[in-house]
Amino acid sequence: MIITKKKDPNNILETVKKYDKFFLIGCSECASLCGTGNEEALQEMTDFLESNGKKVTGQLVPKTGCQTLGTKIELKKDKEACADADAVIVMSCGAGTQSATEIFKDKPVYPSNDSLFLGNMTRFQMFDERCSLCGECVIGKTAGICPLTNCPKGLLVGPCGGMSDGKCEVSPDVPCAWVRIYERQKSLDNLDEMKEVLEPKDWSAGQKPGNLSTRSEKKEEKK
Amino acid sequence: MNFKEALESGKFTVTAEVGPPKGTDITEMLHHIDLLKGKIDAANVTDNQSAVMRINSLSVCKIAMDKGLEPILQMTCRDRNRIGLQSDLLGASILGVHNVLCMTGDHTSAGDHKEAKTVYDIESVQLLNVVNNLNSGKDMMGNELKGPTSFYQGAVVTPEANPVEPQLMKFEKKVNAGANFFQTQAIYDIDKFKGFMDFARKFDVKVLAGFVVLKSAGMANFLNKFVPGITVPQELIDELKEAGKEKALDAGMNICARQIKQLKDEKICDGVHIMAIGMEDKVPEIMERAGLL
Ligand code: SF4
Ligand code: SF4
């Protein structure tokens with residue numbers, strides 16, 4: 001899921017100072033699990049804005065904020081509240097915010113969160129980054145552990161000289177990704193896989209902005 | 001005899017470091033170059049060491065060469081992508097810089113521009129492969145070069161890494177990727193180092209043992225605590241303590257000279273790499289005490 005963190009509300013206030021009336025949009029998926037876009041977070045934002053002399057005209061926690069069409073349909077019932085607002089504050093991730101940018105052609109849209117990473121929830125409201133969506137997955141060759149993400153240098157060919165007692169040069173509390181890979185390959189009796197030198201990464205596979213359509217194939221199938 | 005010829009001939013070879021300064025006043029650095037030339041076989045010119053922004057390695061390599069000190073161009077993968085690295089390698093080649101040390105490079109979080117975007121488009125083993133390609137007249141995409149390079153390429157290894165196995169596997173990858181010589185992280189325990197050399201001797205590569213001169217017991221404790229892959233044995237720390245504050249540096253230089261002499265006399269490795277870190281002026285004296293001058 002996409003991990004988000006609340007911005008400092010005073011910074012948000014500064015950014016939106018020109019406006020008085022806001023419509024708030026959260027998200028029932030990732031941002032709810034992160035506690036940044038659920039009903040509670042929206043209420044907190046409403047209270048904060050109102051205590052600073054602003055007005056909240058309405059709010060919605062759509063099912064999936066980054067599902068542009070679905071969110072647009074859900075917003076229909078809030079047509080008046082939306083029309084009444086000077087600006088929209090989106091309390092999900094950068095993707096959800098840009099769905100709103102697309103939906104609200106004539107209103108400014110502001111994010112209330114910082115989007116951090118694609119994360120695994122390890123325990124309730126504790127998140128770790130394991131994959132950075134590189135476009136061409138290599139972990140079939142690295143013991144199912146992503147060196148591009150778990151190693152701060154993203155090294156593809158073994159540990160750097162900074163590894164110390166199994167820990168990472170960059171964060172001494174975190175195990176070196178390559179020591180983890182080594183240990184797992186060893187326990188799986190797969191060390192021969194670690195002998196291979198992976199080719200330099202083809203970064204063009206993850207060129208921005210990514211886009212993908214699986215539509216035409218499905219249409220073909222139906223025919 | 002140049003650095004490559006020295007190493008390949010079996011001469012006990014000595015390298016040290018020249019650290020480019022931060023800023024355009026290079027008086028002190030020029031003085032260090034003068035001190036080292038004619039004494040050591042070649043000097044590594046560091047590449048924004050510890051991720052602290054300074055003069056680039058290549059410019060200083062050229063200056064050292066013009067002054068008669070053979071340079072080894074340190075190249076890290078932290079700041080340049082594959083286009084930048086190859087382009088700088090071609091540039092080094094036309095300037096006559098032919099020794100290159102391929103490294104991954106310290107992370108930006110260690111340096112003075114912590115907010116910088118790290119690159120690491122490729123890493124040390126892949127960079128060695130790139131140098132091989134350039135030497136054979138091709139860039140890393142297989143495009144033909146108008147004139148090949150002729151680099152003598154080396155790499156680094158940490159013999160006392162813990163756990164050491166993944167480090168040794170990487171060493172082997174570097175050998176297979178064409179590394180001709182290795183400079184090691186600082187070592188202080190010759191018996192342990194002999195164990196590493198038993199492994200390294202299986203391969204047709206030259207090894208220069210790394211030395212960082214101990215200035216005090218405090219420094220030794222600091223290295224043990226904070227620098228990855230360095231272990232200073234207690235008996236050396238005691239030796240520094242016994243020498244007292246005034247004489248600690250002298251004792252550190254003695255330790256260094258004694259160990260270098262042992263490596264040479266017992267033919268344990270092919271040479272040494274002395275990282276003086278601000279004490280370049282002491283390098284000739286250490287060499288003298290080790291019987292190398
Ligand atoms: S290799 Fe790429 S796709 Fe696979 S886990 Fe790592 S970042 Fe994600
Ligand atoms: S210590 Fe390991 S995880 Fe950390 S940067 Fe080096 S190789 Fe990567």
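Reply: Begin with the residue classes: Ala, Val, Leu, Ile, Met, Phe, Trp, Tyr, Cys and Pro count as nonpolar, Asp, Glu, Lys and Arg as charged, and the others, Gly among them, as polar. This is a predicted model, in which local features need pLDDT of at least 70 and side-chain atom pairs count only at pLDDT 80 or more, while totals for chains, interfaces and linings use all residues. Residues are numbered from 1 along each chain as its sequence is written, chains are lettered from A in the order in which they are written, and side-chain values use heavy atoms, with hydrogens and water left out.

Me: What lines the second largest pocket, and how do its residues divide?

Reply: On a 1 Å grid over the protein atoms alone, a pocket is an open set of points with protein on both sides within 12 Å along at least five of seven lines, a cavity is a set where a 1.4 Å probe fits but cannot get out, and lining residues have an atom within 4 Å of a point. Here the second largest pocket holds about 900 Å³, a volume being the space filled by probe spheres set on the points, which are joined across faces, edges and corners. Its lining has 32 residues, of which A:Ser132, A:Cys134, A:Leu148, A:Trp203 and B:Lys117 lie nearest the centre, and the lining divides into 14 nonpolar, 11 polar and seven charged residues.

Me: At what angle do helix α6 and helix α7 of chain B pack?

Reply: Two packed helices are described by the angle between their axes and the distance between the axes. Axes are lines fitted to C-alpha atoms, for helices over the stretch in contact, and angles run from 0 to 180 degrees between N-to-C directions; helices are DSSP runs (H or I, at least four residues), numbered from the N terminus. In chain B, α6 (residues 165–176) and α7 (residues 190–200) pack at about 40°, with their axes 12 Å apart, which makes α6(B) oblique to α7(B) (angles under 35 degrees count as roughly parallel, over 145 as roughly antiparallel, 65 to 115 as roughly perpendicular and the rest as oblique).

Me: Which residues of α6(B) and α7(B) meet?

Reply: With contact meaning heavy atoms within 4.5 Å, B:Leu168, B:Phe171 and B:Glu172 of α6(B) meet B:Phe196, B:Phe199 and B:Ala200 of α7(B). The residues of this contact divide into five nonpolar, no polar and one charged.

Note on methods: Helix = DSSP H or I, 4+ residues; strand = E, 2+ residues; numbered from the N terminus.
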